[in-house]
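Good morning, and thank you for coming. Please look at the sequence and the model on the screen while I describe some of their features.

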Amino acid sequence: MKFLGAIAMILFVHATDMRANPRISVDENLEFAFALTTLTGCPENDGSGAFPLHTTLNFKLKDGYMALLEGFRSSGEMRYMKEVEAQGFKTYSLVSGILAGVGPDVDPDSEWIRQLPLSDEKKSAVVDYFRAFYTLKEKTGFSAAYSANVNVYNGILEKENRKVSIAGLINEVESFFRDVNSSYEVLFVTSMWPGGASWSFDGKVSILMGPKYVTDGLPDAGTTSELEHLIMHEFIHPFVGRLCGRNAEIIGQYSALYEDDRAVFAGNHVPDWISAVDETATRAVEVILCSGTQKELQEAVAEQEKLGFKYVPAFVEALGIHYLPYRDTVALDEVFPEILIATFSSVTNT
């Protein structure tokens with residue numbers, strides 16, 4: 001039984017409308033999922049050299065969950081989940097299902113299950129995986145532990161929400177792309193890695209982010225600047241993802257470039273060339289939106305090169321030629337093919 005990596009590409013989010021008053025929040029099921037990942041390891045880290053998808057920080061909230069779950073490390077449910085994960089069911093797939101609303105009473109005929117690119121046998125295994133996940137959650141008493149920490153979570157969220165205007169970031173990104181999404185949510189996951197990830201489906205966008213520091217004993221998502229950059233980066237991804245999907249044929253013409261930088265991309269959980277272009281374009285737009293001066297832009301581009309994303313400078317240059325002077329009258333969708341060709345032709349012709 002072999003699962004397809006494409007499971008993680010079927011992405012859903014909660015239906016809650018976050019446009020009116022978007023705020024950072026938490027989700028009980030995601031807290032449980034990443035607490036398990038922190039305890040037992042994640043299937044993505046199979047020798048690829050990529051960073052772990054769970055936190056390596058130490059704080060009281062995490063320690064309490066680890067103590068609670070330790071006795072269930074070898075439970076039947078955990079053993080079954082690890083068997084399925086060994087066949088290719090990844091952390092991203094679990095998160096996708098949770099965000100889609102897959103709950104304890106898993107419906108095999110639900111939209112999320114039906115759209116998985118798997119055989120009926122493998123879909124049945126996914127259903128059983130979620131049943132094991134929620135059965136384990138009940139057996140551990142995690143819900144009671146989560147509820148007992150409500151004041152801790154409220155303190156964390158009050159602090160994080162004071163740092164950033166999510167509505168302002170949404171407006172800035174939508175203005176840049178001349179495009180919109182129907183809803184947004186930002187979820188702080190205390191046992192997640194110190195970064196972010198975004199899921200989108202049918203115009204609904206969900207962002208997850210983990211702690212970068214421990215401050216006063218509590219997980220901390222970072223400074224105002226770090227948080228703004230992270231959230232903006234993840235808000236950009238769904239827009240860029242749609243553009244890449246519409247231009248997959250052009251992107252495919254340069255797919256050989258992935259091998260040149262496989263170590264950088266794989267180390268950042270970027271598994272293939274179209275995802276690499278998505279990440280490159282997202283970083284290019286991010287440095288443009290987050291730079292107030294030309295000097296800041298140059299420094300931000302240089303930093304991306306230092307991190308190994310060597311196509312970002314060419315992408316920023318292409319955006320500056322083909323889109324930025326005309327963005328008041330032209331949608332990025334209209335000139336994205338030209339930007340792709342200009343970016344990667346310049347790279348392959350050097």
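In which helix is alanine 281 found? Alanine 281 is found in helix H14, residues 273-289. This is a predicted model, in which local features need pLDDT of at least 70 and side-chain atom pairs count only at pLDDT 80 or more, while totals for chains, interfaces and linings use all residues. Residues are numbered from 1 along each chain as its sequence is written, and side-chain values use heavy atoms, with hydrogens and water left out.

The names of helices and strands also need a word. Helices (H or I, at least four residues) and strands (E, at least two) are DSSP runs, numbered from the N terminus.

Is alanine 281 buried or exposed? Alanine 281 counts as buried because its relative accessibility is 1%; buried means under 20% relative accessible area, exposed over 50%, and partly exposed in between, with a 1.4 Å probe and protein chains only. Between alanine 281 and threonine 343 there are 10.0 Å in space, C-alpha to C-alpha, although they are 62 residues apart in sequence.

Threonine 343 leads us to helix H17, where Thr343 is one of the buried residues, together with others including Leu332, Phe336 and Leu340. Helix H17, residues 332-348, has 17 residues and reaches 23 Å from its first C-alpha to its last, close to the 24 Å expected at 1.5 Å a residue. The expected span is 1.5 Å times one less than the number of residues. At glutamate 338, H17 bends by about 30°; the bend at a residue is the angle between axes fitted to the seven residues ending there and the seven starting there.

Helix H10, residues 224-246, can be treated in the same manner. Its 23 residues should span 33 Å at 1.5 Å a residue, and the end C-alpha atoms are 34 Å apart, which agrees. H10 has a kink of about 30°, centred on proline 238.

I turn now to the sheet. Four strands form an open sheet of mixed pairing, in the order S1-S2-S4-S3. Its edge strands are S1 (24-25) and S3 (196-201), each of which pairs on one side only. Two strands pair if DSSP finds at least two bridges between them.

How do S2 and S4 run, parallel or antiparallel? Strand S2 (residues 183-188) and strand S4 (residues 204-209) run parallel and are joined by six bridges. Within S4, methionine 209 is the bridge partner of phenylalanine 188, and serine 206 stands opposite glutamate 185. S3 and S4, by contrast, pair in the antiparallel sense over six bridges, with leucine 208 in S4 as the bridge partner of alanine 197. S3 and S4 form a hairpin with two residues between them, and aspartate 202 in the turn has a positive phi of about 55°.

Why is S4 described as largely enclosed by the rest of the structure? The reason is that five of the six residues of S4 are buried. In strand S2, we find leucine 187, which is buried, with a relative accessible area of 2%. Leucine 187 lies 28 Å from tyrosine 80 in space, C-alpha to C-alpha, and 107 residues from it in sequence.

That concludes my presentation, and I welcome your questions.
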